[in-house]
Amino acid sequence: MGDRQAPEPLLLVQELVNTLDIETGKDQLATPEGLARFLSDHGLTRLRLGKPDLAGLRELREALRAACLAHTSGAPVPPEAAETLERHLGAAPLALRIEARGEAALEAAPGLTGLSALTAHLAARIATAAGDGSWQRLKACETHDCQWVYYDRSPAGRSRWCTMAVCGSRAKMRTYRARRAR
């Protein structure tokens, strides 16, 4: 991912959405074993998600992808995705913690497990990123068969593709061919 990798706190959100490779159809969250691997890779096994959480987590993942696509296009989040985000993230119990030096930090409320724990964890990260302005730079490639989530580090924040070398080049070639066909 390199220079397209999101900074903390958005890295977990980016990697969650990218558990589905739309081009190949490979879904890391297709099985409980894939979910366990994702949680282990991110140090989140204490949240104790399992098979009953998979459908809700995949639904949340796709709603987050829709929000990232909205960041790319400037269009509103589709109503169904907005409702899903509101249902999951809006209900996430968060706690405000004041650290030793007086800094404030949002975190998941203590004692949560399962999907609500991960959702609260994600909500805290998104709220932090929204506060520092980085949330809008988490985008999804607008190529319909890609939609890979990346972090837009361009100065103007107007990047539209995960990589110019592949998706951007293909999109520009399609546009060129369509113009020539007319």
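Helices (H or I, at least four residues) and strands (E, at least two) are DSSP runs, numbered from the N terminus. In this predicted model, local features need pLDDT of at least 70 and side-chain atom pairs count only at pLDDT 80 or more, while totals for chains, interfaces and linings use all residues. Residues are numbered from 1 along each chain as its sequence is written, and side-chain values use heavy atoms, without hydrogens and water.

I98 belongs to strand β3, whereas H71 is part of helix α3 (residues 54-73). Their accessibility is set out below, where buried means under 20% relative accessible area, exposed over 50% and partly exposed in between (1.4 Å probe, protein chains only).

| Residue | Relative accessible area | Class |
|---|---|---|
| I98 | 55% | exposed |
| H71 | 13% | buried |

The side chain of H71 comes within 2.7 Å of the backbone oxygen of L138. Not counting residues up to four places away in sequence, H71 touches W135, Q136, L138 and K139, contact being heavy atoms within 4.5 Å. With neighbours within four places likewise set aside, the contacts of W135 include H71, L64, A67 and I126.

Methods
A polar contact is a pair of N or O atoms within 3.5 Å; within protein, one must be able to donate a hydrogen and the other to accept it, and residues adjacent in sequence count only if both atoms are side-chain atoms.
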